[in-house]
Amino acid sequence: MRINVHAGHNFKVPGASGVFSETTEDRKVKDLVISKMRAAGHTVYDCTDEDSGSVSGNLAAIVAKCNAHAVDLDVSIHFNCFNGQAQGTEVFVYNWGTAAEPYAQRIADRIGELGYIKRGGGVKTNSSLYVLRRTSSPALLVECCFCDNAGDAGRYTVEKMASAIVAGITGSAMSGSTPVGNVKNWLSRGDIGAAVTKWQKTLNTFGSGIKVDGDFGPDTETQTIRVQRLVGVTADGCAGEKTQAAVDAYLKKNNWIQVRDGRWWYRHTDGGYVKNDWEKIGGVWFFFDAAGWMKTGWIDWKKNWYYLKANGAMVADDLVRTGGKVYYVDKSGKMCYTDKTGALL
């Protein structure tokens, strides 16, 4: 891999403080992460800024250093603080679906194995963070733990934190005992073979539209994360026993499927679906077009107009406000005409 790593802030514009100093410790973690990654044969650039005298200057300098290299990943290392009570780890990415997301989830998982709470599942999005917003390569920001919380500070060591981050980046296990050969019981990026082909076909059941080539590459990883979110398991981009069991259980029931372009359809257990007709799901009526896609907005059905919310649910016995006008739909969902356009006002 080729990666950028930097510690946040500097001693002219220091970061958080509490039981220990963020500015001091994030540099120790950064140095050890770089050392371990280089020892494993990876190319690593240190993009830490020590010279700027303002927050804005510090951020701009870090981003400029990061963008000077074409890399697979930008890693920003920080420590958090709040009120002495908040605790745990969290890793931020710019938005869901970015190539940095699986790395972020693995880092959060590995830090969690050290005994830290994974806040909000470990990974969060934040499009306002300067480094995430301005770097040209996939980027993530690690808030290792809360430096003003006695519990977090008590379990923190530079060695363990750096090892967790490295393990998250490389996809290895914290213990160093990553299963190999036929002992490995999950699929992840870099795997090839018949098991990957089978998994790719399963992903395409969920409208992933990936190339079925038996190669677990970036697109397969991204779509694995998307499907993991849909079926309600940890979105780490690895297809292990829990993920495959959740997918199997999901497909054994009538269930909603969202494809990668955002459209929805309702899959029956036999793989079939309604076309150009209504279906009542969970006590709510939905309409599906000739190709089986869920519709939204106004539809003309048998010379009557019906309104479907953004989530597809039909409105009944209520007012519909759209296009600057107000409409009434009766208990069956039909629009009731009060003038030639159907608008009340």
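Predicted model: local features only at pLDDT ≥ 70, side-chain atom pairs only at ≥ 80, totals over all residues.
**Entry 1: α7 and α9**

Trp 199, Thr 202 and Thr 205 on the α7 side meet Thr 243, Gln 244, Val 247 and Leu 251 on the α9 side. Sorted by class, this contact has 3 nonpolar, 4 polar and no charged residues.

I then checked the geometry. Helix α9 covers residues 241-251, and its axis and that of α7 come within 12 Å and cross at roughly 40 degrees. Angles under 35 degrees would count as roughly parallel, so α7 is oblique to α9. The crossing of α7 past α9 is left-handed.

**Entry 2: α7 and α8**

Next I took α7 (residues 194-205) with α8 (residues 218-231); their axes come within 10 Å and cross at roughly 50 degrees. These two helices are therefore oblique to each other. I noted a left-handed crossing for α7 past α8.

Which residues make the contact? From α7 I listed Trp 199, Gln 200 and Leu 203, and from α8 Thr 220, Gln 223, Thr 224 and Val 227. The classes here are 3 nonpolar, 4 polar and no charged.

**Entry 3: Ser 208**

I turned to the loop between α7 and α8, where Ser 208 is found. Is Ser 208 buried or exposed? Its relative accessible area is 0%, so Ser 208 is buried.

I looked for what surrounds it. Leaving aside neighbours within four places in sequence, Ser 208 is in contact with Leu 203, Gln 223, Arg 226, Val 227 and Arg 260. A polar atom of the Ser 208 side chain lies 3.0 Å from the backbone oxygen of Leu 203. Leu 203 also belongs to the contact of α7 with α8, as do Gln 223 and Val 227.

Conventions. Residues numbered from 1 in each chain as written. Heavy atoms only, no water. Axes fitted to C-alpha atoms, helices over the stretch in contact; angles between N-to-C directions. Helix = DSSP H or I, 4+ residues; strand = E, 2+ residues; numbered from the N terminus. Parallel < 35°, antiparallel > 145°, perpendicular 65-115°, else oblique. Left-handed = near helix turned anticlockwise from the far one by under 90°. Contact = heavy atoms within 4.5 Å. Nonpolar A, V, L, I, M, F, W, Y, C, P; charged D, E, K, R; others polar. Buried < 20%, exposed > 50% of the residue type's maximum accessible area, 1.4 Å probe, protein only. Polar contact = N/O pair within 3.5 Å; in protein donor to acceptor, adjacent residues only side chain to side chain.
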